[in-house]
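Hi,

Here is the structure I said I would pass on to you.

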Amino acid sequence: MDFLTSSDFWFLSLTSLAKTIFLIFLVVLPMVSYTVYAERRVSALIQDRVGPNRTGFPTSLIPGFTKDFSPFLGGLGQPVADAVKFLLKEDFVPGHVNKLYFWLAPCLAMMPAIVTLAAIPFGSEFLGVKMVVADINVGLLFMFAISSVSVYGIVLAGWSSNSKYPFLGGIRSTSQMISYELCMGLSAVPVLLVCGSTGLSSIVNYQVREGWLLAPFTNGGLSFREIALWVPIIIAFITFTISMFAETNRLPFDLPESETELVAGYHTEYSSMKFALFFLGEYTAMIAGSALIVVLFLGGWHLPFIPDGAGQGGLNFLHAIPSWIWGLVNITAFFAKVAVLLLVFIWIRWTLPRFRYDQLMKLGWLYLFEIALVNIFLTAGILAFTK
Amino acid sequence: MAYVVPRPNLTWKEKIYLPSIVAGMAITFKHLKRMIKGETHVVMQYPEEKWDKSMPDHYRGAPTLVTDEHGRERCVACQLCEFICPPRAITIKPEEIPADNKFAKVEKRPKEFEIDMIRCIYCGLCEEVCPEQAIFLRKDYAITGITRAEMVHDKAKLYELGGVFTGLVNKWNPKK
C-alpha cells in the first residue's frame, strides 16, 4: 500500500504510460503504415514500375488552399487513404464461420506483436527516464514467449473461417512457426553467452561498452577474443535473421498466406478492419523483429561516435551538448536502424521466390536447427578458451 | 518411355544458397537504382503527359461531322452510316432543305444527328461508308460524361468537334 501512494509509483506509471503512447501511437503505428507504403513503392521500383505516387494530403478541402499537399516523393498520403478505406469498407462476416474465434483471431494477431515491443530498449535515457517500457531482466525470453502467442491468431483465423484455403494457411503457419521458433531461440543463445544476460537493456549496454556484436570494432580496436567470437556471431546473425523472416511470415517464407496458392491464406475470409488488423499485426511483428535484431546484434540505440544519455564514451567536444539531445539522437538512431532493416525485409521479399513447403521444413529442421545448435558450442568453446 | 532429367551437380557455393541470394539482391538493387535515377523507361503519367502529339493520322477517335469550305454541312442524311453502324449508335432524322436556302439543290440534310458515345465502338465503318465524306473519326479519345444523356453527341456537338474540312468532294459546289 505504501508503494501505491509513493511518488515512485506515480512517476513510474506516468512515464510508462507516456512511453507506451509515444512508442505505439507516435512511432510504431505510423511506421507500420509507412512500411506498407514503402513496401508498395519499393516493390514497384524494383519491378520497374512507378507505384503509388499520387495520393497527397487533401489540403484543398480546407478553405484558402487551392492545391493538395503532395511532398517530394508523391503518394505520401496513401497510408491515410488506406486507413480510411479500411474503416469505411463493409465488415462482412460469412455465415459459416465460428463467430467467437473469428472475432478473436485478428486481436490475437495484433496484440502479441504490440506487447513484445514493451521489452525493447529503444533509447538510452531521455530526461532521466530509461527509454524502455518494461525493463525486465528476462526481456529476450519475454519477447520469444509473447511472439509465439501470435501463431494462435493465425491458427484460429484459419480454423474458424471454416473454409479450405484459410485452413491450409493455418496448418502451414503452425508447423512453420513451431519449427523456426526453436531455431530462433537457439541462435540467440550465443548472444546471451557473450553478454551474460537475457535482459535486453544489459545486452545493449554490453554492446555500448564492447562494441556491437556484429561489428566489434565500433568501440575502437579489435582484440583476439572479439575476432574469434565474430565467426559464431555472424553465423548466429544469419540464422537468427532467417528464422525471423520465417517467424514474421515474410517472403521467402510466407507460406501461410501465399497468394498464388491459397488465395490469401489464413485471412481469406476477412474484410475491412479485421483484415487490416492482420495486416497491422504482420507489420508490427516485422518491426518488433527488426528491433530485436537491432538490439541483439547491431548495438541497439548506440552509434559509435555518440555518447549515450549517461554521458560516457564518444568524442569530448560532443559532451557540451545537453544530454536530452543525445537521448533523442539515440532514439532516432535506434529507429533508423530498424527502418534500414525493414527496407532489407522488403528488398528480400521482392527478390526471392517462395520456398516449397517441404524445402521450408527441411531448411528449418535439417540445417538451421543443427547450425544454431553447433554454434552454441562453438561460442561456448571460444568463450572458455579466450578468457 | 520415361525420360530422365539429369539433376545438375551443384557446387557447395550453390548449395549454401546465400551467394545466390546476394546476387539476386544485387540485381533487384540495380533495377531500384536505375528507377530512382530515372533511367528506366516507365509508363506515361496520363493526365500530365499525353500522347496527342505522336498520335498517328489514322487514329480512330470520336466520330464527328464536318462542314465544307462554304459552310455547308456535308451530310446529306442518306442514313448509310445509321444502317452500317454495328452497335446502332447513330440516329438520324432527315429533313428537306427549304427552297430559299443557298444549298437547296442538295435537297436533304439531317434535322437531328445523334451518336450515342456509350454505344460507339470506334470501328470507323461510318467514315468508310459515307459517300459524301461528311463523317470522320477524329483524334478525340477522352469522351466522358456523368450522365447517359451527356454521352449522346447531338448535331451541334458533332459539328463543333468536326470543324471544317476542305477539298475532296466538290460535286455540290456552285458551277463556275
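One definition before anything else: I call two residues in contact if their C-beta atoms, placed from the backbone, lie within 7 Å. With that in hand, eleven residues of chain B are in contact with ten residues of chain A. On the chain B side of that meeting, seven of the residues are nonpolar, four are polar and none is charged. (Nonpolar here is Ala, Val, Leu, Ile, Met, Phe, Trp, Tyr, Cys and Pro; charged is Asp, Glu, Lys and Arg; the others, Gly among them, are polar.)

Some housekeeping. This is a predicted model, in which local features need pLDDT of at least 70 and side-chain atom pairs count only at pLDDT 80 or more, while totals for chains, interfaces and linings use all residues. Residues are numbered from 1 along each chain as its sequence is written, and chains are lettered from A and ligands numbered from 1 in the order in which they are written.

Chain A

Next, burial. A residue is buried if 20 or more other C-beta atoms lie within 10 Å of its own, exposed if 12 or fewer do, and partly exposed in between, with C-beta atoms placed from the backbone. Buried residues make up 43% of the 387 residues in chain A. Val208(A), in helix H7 (residues 200–210) of chain A, is one to click on: it counts as buried, with 24 C-beta neighbours inside 10 Å. Val208(A) and Gly300(A) are 92 residues apart along the chain, yet their C-alpha atoms are separated by 8.5 Å.

Then there is a helix pair to look at. The axes of helix H2 (residues 7–46) of chain A and helix H10 (residues 272–297) of chain A come within 9 Å and cross at roughly 105°. (Axes are lines fitted to C-alpha atoms, for helices over the stretch in contact, and angles run from 0 to 180 degrees between N-to-C directions.) H2(A) and H10(A) are therefore roughly perpendicular to each other, a label for angles of 65 to 115 degrees; under 35 is roughly parallel, over 145 roughly antiparallel, and the rest oblique. From H2(A), the residues Val28(A), Met31(A), Val32(A), Thr35(A) and Val36(A) meet Leu280(A), Tyr283(A), Thr284(A), Met286(A) and Ile287(A) in H10(A). By class, that contact has eight nonpolar, two polar and no charged residues.

Val36(A) is partly exposed, with 18 other C-beta atoms within 10 Å. Leaving aside neighbours within four places in sequence, Val36(A) is in contact with Pro79(A), Asp82(A) and Tyr283(A).

Chain B

Chain B comes to five helices and five strands, running α-α-β-α-β-β-α-β-β-α from the N terminus on. Its radius of gyration is 29 Å, well over the 16 Å that the globule rule gives for 176 residues, so chain B is more spread out than a compact globule. The C-alpha atoms of chain B fill a box of roughly 95 × 50 × 40 Å along the principal axes, and 19% of its 176 residues are buried.

What is there to see in the strands? Three of them form an open antiparallel sheet in the order S2-S3-S5 (chain B), where strands pair if DSSP finds at least two bridges between them. The edge strands are S2 and S5 of chain B, each pairing on one side only. Strand S2 (residues 90–96) of chain B pairs with strand S3 (residues 108–116) of chain B over seven bridges; Glu96(B) stands opposite Lys108(B), and Pro94(B) opposite Pro110(B). S3(B) pairs with strand S5 (residues 152–153) of chain B over two bridges, with His153(B) as the bridge partner of Ile115(B). Helix H5 (residues 155–162) of chain B lies across S3 and S5 of chain B, at about 85° to S3(B).

Cheers

Technical notes
Helices (H or I, at least four residues) and strands (E, at least two) are DSSP runs, numbered from the N terminus. The radius of gyration is taken over C-alpha atoms; the globule rule is 2.2 Å times the number of residues to the power 0.38.
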